[in-house]
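Hi there,

Here is the structure I promised to pass on to you. Have a look at it first, and then read on for what turned up in it.

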Amino acid sequence: MRGVTSARQQHQLAEAGEPWWRQRESERKRPNTRTSSTIPSPLCASSLKMACQALQSGESLATLKNESDSLKKKLEEERAKLHDVELNQVAEKVELVSALSIRTRRVLKGHGNKVLCMDWCKDKRRLVSSSQDGKVIVWDGYTLNKEHAVTMPCTWVMACAYAPSGCAVACGGLDNKCSVYPLSLDKNENLAAKKKSVAMHTNYLSGCSFTNSDMQLLTSSGDGTCALWDVESGQLLQSFHGHTADVLSLNLAPSETGNTFVSGGCDKKANVWDMRSGQNVQSFETHDSDINCVKYYPTGDAFASASDDGTCRLYDLRADREVAVYQKDSIIFGASSVDFSLSGRLLFAGYNDYTINVWDVLKGNRISVLFGHENRVSCVKVSPDGTSFASASWDTSLRIWA
Amino acid sequence: MEEVVARMQEEKNGIPIRTVKSFLSKIPSVISGSDIVQWMLTHLNMEDPVEALHLGTLMAAHGYFFPISDHVLSLKDDGTFYRFQTPYFWPSNCWEPENTDYAVYLCKRTMQNKARLELADYEAESLARLQRAYARKWEFIFMQAEAQAKVDKKRDKVERKVLDSQERAFWDVHRPVPGCVNTTETDIKKSSRMKEPHKTRKPLNTSSAPLSLISYSQQYTEYDPCFTSPEPSNPWTSDDTTCWELETSKEPGQQRVRRWGFGFNEVLKDPAGREQFLKFLESEFSSENLRFWLAVQELKKRPVREVATLVHNIWQEFLAPGAPSAINVDSKSYAKTTHNIKDPGRYTFEDAQEHIYKLMKSDSYSRFLRSSCYQELLQARKKVRPKQESCV
């Protein structure tokens, strides 16, 4: 729109301290031509008219700033009229989910203390879990066999991840580091000897994840930062600053082309980051307490969060806002972990009241409650092909549900 | 939790607390287990008594109310009597009672000669253990216990009953019966953190409704094992791993092939899809596009040490003047890439890759979906002569 300064541009210029009319010297000499050009909304026309009048009467900069502030308010009001609809309202016509018969299919016993984290292998049956007593175990979930076990030199191993190739695992916790252990087929080989220290933080490691390859590791820490590391050299490739408190969780976007990830922390914020530039591209703050876990919706266009405030929420990245809250009066304990089913229709959430709730993502209602664990559920993850999900708990066991 | 407990104790809408006449004496200030369950069902919008029982048990385990004649803190939906814990003993006051305090308490208990205050087995064991541990200090502990017992004796009988039970419940939370969950255990991440003041900011509202989420979920429902059982069965429920074996085989099933049609990313994600797409591109003599895209993806995954060499190789193969697999990139991306080459990094080819991706998506992909070899796979028609690779 040549020759027309939109209301928004006026605000921007006013905020920059520059009187908007100074930017358009040429237009100022021909005020009449403005009203004849196409203006998108009636708001613009009236605002321009008002502004022109002010200019012509020679009013000061301060008055113009006041004008722009009131215009801003009017714009917000107009925007609000454009009906922000919640997801469950839009999903009214969608069919209800019929009752699901999900039961525990496997119980993995072997840890001596609270299990804090787990991750699936791409082969859909193996998984790695880590616990408070420093033990990291690799299981074949299907046969219940323990395939590898390693004892970390620290307690509270809060994060663990399986490498995409299935040949290594990463873990860390109170040692402030993230180490990678290659898994060998030779049972006699001492895993601990092959340990490779990759990440170094200045506070506990809360989360770790391999990017698309075994060669890069993304970590989150109690020191308030996230970081991307080159596994082979231990070099820091990129760091991500922006959280104002401990970062508790991170999740990579499931895109073939994307380079983003989301993190959640004790500052109640969920931040989306560009891995290439290190920039915080989007931020969401609607929870009332710490965000314990963040997980992307299968398309990568939205993500869910679990918080100590007892709710789970869904944020749409393109709408740039929260679009659903999953809560109930009877849920008064914090949610520790979430994950989506393959289609994204179901949200599995683990809570500190020892249960797992299954939510209908679109309609917002709870479909069922799963009992079974005898202490807090610390981690919930759906298997890579969606055929089952695993839960880790402070009751020292892991359960696989389907 | 405390908000719920406060509501429970409200005069008007709370649970009625009463004194019950029992066999020998009156039991002051109690509520019954089923009262609690009923209240929760009404006031907390719960549908299932099982859920109410579970929540109630948790609240008891945390010490907000307790059974008057049991050390194990759980809720039963019957006439069992419960009492509310005094706010003084609430967990939110961050009690971290020492073992010496526990020793004093147990000692005091032994001084009271009432049958109902006798120590349970596990308490007797704990006492014995503490006596050994604090052998030297024991006189001091004994004196404290004596002093406390004296003060208690002076109290009103009814008041004593209530206070004694509350004190016992407090210790049941902090020194639970063996086998019970210790609800005072906290997540280490919460205890050792940097406490920073935060600013609350209202998120910006826009008008676009997330319809795409709905359409995606509906489209993929048939692929979600939670809704549609995988073929032939879900390995976790049927103990039959055929489903997984089929997936690793070279022959992609019809359902899997159909998924490639949902979006370009589906073809790129699935190794079998990539293979078919590459074959198709070869028949069109434009396979260098996909090969370039795959090479750049690989570049981003390699260790830092290999980056410079890989960048050079990709340049030579796809972009340099006279390259054997020259790709067609717009001039802007080409110029940018030429500039990036001077300082090779993982994102050197980012612009070119994006351009090629868009090209494949808008052009080759749609032709692939219409091609006879894709259509054949979709119809699950078997190839007559496996040697015939051309897809014209």
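This is a predicted model: local features need pLDDT of at least 70, side-chain atom pairs count only at pLDDT 80 or more; totals for chains, interfaces and linings use all residues.

The partner of Asp123(A) is Arg126(A): the two form a salt bridge in which the closest N and O atoms are 2.5 Å apart. Arg126(A) is partly exposed as well, because its relative accessibility is 23%. The pair also belongs to a network of salt bridges, which links Asp123(A), Arg125(A), Arg126(A), Asp140(A) and Glu147(A).

**The strands around it**

Is strand E3(A), residues 126-131, enclosed or open? Five of its six residues are buried, so the rest of the structure largely encloses this strand. On one side, strand E2(A) (residues 115-120) runs antiparallel to E3(A) and is joined to it by five bridges. There you can find Val115(A) opposite Ser131(A). The hairpin of E2(A) and E3(A) has five residues between the strands, and Lys124(A) takes a positive phi near 70° in it.

E3(A) also pairs with strand E4(A), residues 135-140, again in the antiparallel sense and over five bridges. Leu127(A) stands opposite Trp139(A) in this pairing. Three residues lie between the strands of this hairpin, where Gly134(A) has a positive phi near 95°.

Residues 108-140 of chain A are 0% helix and 61% strand, with end C-alpha atoms 10 Å apart. For residues 370-402 of chain A, the figures are 0% helix, 52% strand and 11 Å between the end C-alpha atoms.

**Over in chain B**

Helix H4(B) covers residues 99-111, and its 13 residues reach 19 Å from the first C-alpha to the last, close to the 18 Å expected. Its buried residues, among them Tyr102(B), Leu106(B) and Lys108(B), pack against helices H5 (121-133), H6 (138-153) and H7 (157-174) of chain B.

Which interaction do Glu167(B) and Lys108(B) form? They form a salt bridge, with the closest N and O atoms 3.1 Å apart. This pair links distant parts of the chain, since Glu167(B) sits in helix H7 and Lys108(B) in helix H4 of chain B, 59 residues apart.

Another salt bridge joins the side chains of Arg291(B) and Glu317(B), at 3.9 Å from N to O. Arg291(B) lies in helix H15 and Glu317(B) in helix H16 of chain B, so the pair ties together parts that are 26 residues apart in sequence. Arg291(B) is partly exposed at 32% relative accessibility, and Glu317(B) is partly exposed at 29%.

**Where the two chains meet**

How many residues does each chain bring to the contact? Chain A gives 91 residues and chain B gives 77. Together the chains bury about 7,400 Å², 58% of it on carbon and sulfur atoms. Eight salt bridges are counted between chain A and chain B. One you can look up is Arg106(A) with Asp239(B), whose closest N and O atoms are 3.3 Å apart.

Enjoy exploring!

Conventions: Residues are numbered from 1 along each chain as its sequence is written. Chains are lettered from A and ligands numbered from 1 in the order in which they are written. Side-chain values use heavy atoms; hydrogens and water are left out. Helices (H or I, at least four residues) and strands (E, at least two) are DSSP runs, numbered from the N terminus. The expected span of a helix is 1.5 Å times one less than its number of residues. Buried means under 20% relative accessible area, exposed over 50%, partly exposed in between (1.4 Å probe, protein chains only). Contact means heavy atoms within 4.5 Å. Two strands pair if DSSP finds at least two bridges between them. Buried area is the accessible area (1.4 Å probe) that two parts lose on being put together, summed over both. A salt bridge is a side-chain nitrogen of Lys or Arg within 4 Å of a carboxyl oxygen of Asp or Glu.
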